[in-house]
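Dear colleague,

I am passing on the structure we spoke about, together with notes on what came out of it. Please read them with the model open beside you.

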Amino acid sequence: MKRILWLIAFMFVQLPNIAQANALPVDAFASLPDVSFVTLSPDGTKIASLIRIRSDKVDGQILGIRDINTNKDIFPVQTDNQKFVILSLTWANNDIVLIKAKYPAIRRGVPTTETRLMKYSLSDDKISSVFSKRTFSRFQFVPQIQSSIVDYLDNDPDHILMSISGLSSQSQYESVIQVSLKSGGVKLKQYAEKYIEDWITDRQHQVRIGIYRDDTSYRIYEQPQANGDMRLLWEFEIFDENAIWPIGFDHDPNILYVNAYHQGLKAIFKVNLTDPDLTKELVYQNEHYDVEGQLIYSTLKQKVIGIDTNIEGEFLFWDQDYIKLNNGLNQVLLESHNVINQLSDDERRYLVYSTGPIESGTYFYGDRDKGELYPIAYRYSQLPPEVLSRPKKVNYNARDGLAIEAFLTTPKNTEAKHLPTIIFPHGGPISYDSTSFDYWAQFFANRGYAVLQMNFRGSAGYGYQFMTSGLKNWGLEMQNDVEDGAHWLIEQGIADPKRMCIVGASYGGYAALMGVAKTPDLYRCAISVAGVTDLEYLVKSSRGYDNSKIVKKQIGDDYDDLYQRSPISKAANIKVPVLLIHGTKDRVVGARHSEEMYDTLNDLHKSVKYVELENGDHYLSNNKHRLTTFIEIERFLAANLGVK
C-alpha cells in the first residue's frame with residue numbers, strides 16, 4: 001500500500017523515535033489536529049480539509065484543497081481560532097466548499113455564540129457569505145444562528161435549504177429558506193410555526209417533519225409538503241422514556257426512521273407514516289448499549305443502506321455491496337474503527353477515517369475501480385500507534401451496588417502497580433468515555449500516570465434508567481461513583497494512594513473540585529478546566545436562554561440545595577493545591593465560575609492558581625490556549641505528585 005501524505009506534505013513533522021516514546025513533547029498531544037474535516041467533492045476528484053499551520057509568525061489553521069487529478073493545492077482561508085473558529089467543511093457541489101464558523105458575541109447583555117456559513121468558490125477564487133448583502137433587510141432581526149443546513153439538494157447543486165429565525169410573523173422561530181449559492185438570494189420555502197425549532201426534509205426534498213418544543217415539552221409533527229396541514233405524531237417530555245426522535249427518511253416518503261427506547265436502551269426503528277397506529281419496526285439494537293447515529297443513505301441506489309452508530313464508531317450496513325466493502329476495510333485496517341464517512345456521487349471513490357485505542361486517526365482515500373486505498377493524512381502525525389498506551393475496559397461496583405464501566409490507561413511498558421494516578425471524570429455530564437483515542441488520557445499516560453475514566457451514573461449510552469439516575473444528582477451519587485472508582489483503583493494496587501490527583505473539564509472540572517471538597521484526604525491535588533463551581537449561578541444564568549427549564553430539570557431548581565452542592569460553598573474543606581484554567585470567552589460555562597472560586601480559595605489562604613485564557617472558548621479551540629493548558633497541567637502535576 002502506498003503512503004501518500006497529500007494534505008500535510010508541506011508541513012511534514014518527523015515521526016518521533018520509538019525509543020523515545022516516553023519523552024514526547026507536550027505539543028504532540030496538546031496541539032490542534034494536524035488535519036481535520038477532510039471532505040470529498042461530489043465527483044470524487046477533490047479533497048478539502050482544515051490543516052494546522054505552524055511557523056514563527058502563525059499558529060492556526062488553513063483551508064487546503066487538493067485536486068487529485070492534477071496534484072495541485074490551494075490554501076484560500078486561514079484562521080488563528082481567536083476571532084472565529086471553523087466548525088465544519090462540506091462540499092455543496094463540485095465548485096463550492098461551505099465553511100461553518102462560530103464567534104462569541106453579546107446580545108441584549110446575554111453572552112452568545114454566533115454562527116455563520118461562508119462559501120469558497122474554486123472557479124471565482126473567492127470567499128464570501130452564502131447570503132447576499134441585502135438578505136437580512138427583510139428580516140425582523142439579524143439571526144444569531146446562520147449556519148443550519150436542512151438539505152443539500154442533491155438534485156439542485158446550485159441551491160441549499162437552510163433553517164433560520166428572524167423571518168415572517170413568527171420571527172423568533174425557524175423558517176426554511178432556499179439559498180442560491182450563486183447569487184446569495186433567498187426564497188421562503190416553509191413558514192415559521194410557533195414553537196417549532198427544527199425541520200426535516202424527505203428524500204424528495206419536501207419539508208416534512210417539524211420538531212416542536214415548549215419549555216420541556218416536545219411534539220413531533222408531520223405534513224405532506226411544506227406549509228401543509230400538520231398532524232401530531234408523538235408528544236413527550238424531555239428525558240422521558242417514551243421519547244421518539246426522527247432521524248430521517250428512506251427513499252419512500254412514507255418511511256421514517258426514528259430513535260426510541262427498546263427494553264430500556266435506545267434503538268433504531270422505522271415507521272410507516274400511512275399506518276394509523278404508527279407501529280415502530282425494530283431495525284437495529286445493541287443488547288448492552290444505547291444506539292444512536294445517522295442514517296447512511298445511497299443516492300445512487302435510492303435507499304438507506306446502513307447506520308453510522310455511536311458505539312465505538314461502528315458502521316452497520318445491510319446492503320451487500322457495502323457489507324463487502326466494510327469487511328474488506330476491516331481486514332486491511334486491523335484493530336481500528338474504520339468509518340466510511342463519504343462517498344462520491346457514483347460511489348466509486350470514498351474517504352475512510354480510521355481510529356481506535358492506539359490509532360490517533362488516519363484518513364484514507366479509496367478507489368473501488370482501481371482497488372486501491374491510500375492514506376492521505378494523519379490527524380496527529382506525532383502520535384503513531386507505537387508510542388501510545390492501550391486503554392482497557394474495567395468494571396467496578398459503586399457503594400450502592402451499581403455496576404460502573406470505566407477505562408484504564410497506564411504508562412507504556414510499565415507494570416500497573418502503585419502508580420501515580422489521575423482520576424479523570426468526563427464532561428457533559430450526559431456523555432461518555434470509551435476505549436477510543438483520547439489525547440488527554442494518552443498525555444497523562446505518556447507522563448507516567450495511570451488514568452481512570454469512569455462512566456458514572458448519568459452518563460449516556462447505558463440506557464434510560466442509568467441516564468436519568470443522574471438528573472438533579474450533581475455532587476451526590478454521581479460524585480460517589482467517581483470516588484468509588486478511585487478507591488477501587490487503590491484496592492487493586494494500581495494507584496499509589498499518596499500520589500493521586502483528580503482532573504476534569506466542564507462537568508469533569510466540577511467533579512474534580514467537589515472531589516477535593518467532599519473527600520479532602522483522598523486526593524493530593526485537583527485541576528478544573530472550564531469547570532462549574534456554583535450550581536446556583538449556573539442555573540440562574542440560564543434564564544436568558546430558551547433552554548432554562550431544561551437546565552432546571554437536569555440540574556435542579558432548589559437554589560439553597562444547589563449552592564450546597566457547589567464546590568464554592570465547600571471551599572473551606574479543600575486542603576490540597578488547586579489549579580483553575582478558564583477561557584474569558586467561554587459561552588458554555590462562564591469564566592466567572594473559576595474567577596470566583598479562585599477569589600474564595602485565595603481569601604481562605606488556600607493553595608490555588610488561576611490561569612486565564614484571553615479570548616479562550618470552552619473547547620480550547622485556539623492552539624496557544626491548548627498548549628498553555630497542557631504545560632500548566634504538566635507542571636502542576638509534577639509539583640504535587642512528584643513525577644519528573
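Phe636 counts as buried because its relative accessibility is 12%, where buried means under 20% relative accessible area, exposed over 50%, and partly exposed in between, with a 1.4 Å probe and protein chains only. Phe636 is found in helix α11, residues 623–641; helices (H or I, at least four residues) and strands (E, at least two) are DSSP runs, numbered from the N terminus. If its neighbours within four places in sequence are left aside, Phe636 is in contact (heavy atoms within 4.5 Å) with Cys525, Ala526, Ile527, Pro577, Val578 and Leu579. One of these, Cys525, is 111 residues from Phe636 in sequence, and the two are 8.7 Å apart in space, C-alpha to C-alpha.

As to its source, this is a predicted model, in which local features need pLDDT of at least 70 and side-chain atom pairs count only at pLDDT 80 or more, while totals for chains, interfaces and linings use all residues. Residues are numbered from 1 along each chain as its sequence is written, and side-chain values use heavy atoms, with hydrogens and water left out.

The protein chain has 11 helices and 36 strands, and its C-alpha trace spans about 65 × 55 × 50 Å along the principal axes. Of its 644 residues, 56% are buried, and among contacts with a separation of 6 or more, 55% are between residues 24 or more positions apart.

Some backbone details deserve a look in the model. Most residues other than glycine have a negative phi, and most peptide bonds are trans. The peptide bond from Gly428 to Pro429, however, is cis, with omega near 0 degrees, and Pro429 lies in the loop between β31 (419–423) and α3 (439–446). Glu347, although not a glycine, has a positive phi of about 60 degrees; this residue sits in the loop between β25 (337–343) and β26 (349–356) and is buried, with a relative accessible area of 5%. Asn615, also a residue other than glycine, has a positive phi near 65 degrees, but Asn615 is partly exposed, at 29% relative accessible area, in the loop between β36 (608–613) and α11.

On a 1 Å grid over the protein atoms alone, a cavity is a set of points where a 1.4 Å probe fits but cannot get out, a pocket is an open set with protein on both sides within 12 Å along at least five of seven lines, and lining residues have an atom within 4 Å of a point. The largest cavity has about 60 Å³ of space, and its lining includes Asp27, Arg52, Arg54 and Tyr380; α1 (26–30) and β2 (46–54) are the elements that give two or more residues to that lining. The second largest cavity has a volume of about 40 Å³, and among the residues that line it are Pro357, Thr409, Phe437 and Asp438.

The second largest pocket has a volume of about 340 Å³. It is lined by 18 residues, of which Phe239, Trp245, Tyr261, Lys266 and Met467 are the closest to its centre. Two or more lining residues come from each of β19 (255–262) and α4 (464–468), and β19 gives the most, with 3 residues.

With regards

Key:
Grid points are joined across faces, edges and corners, and a volume is the space filled by probe spheres set on the points.
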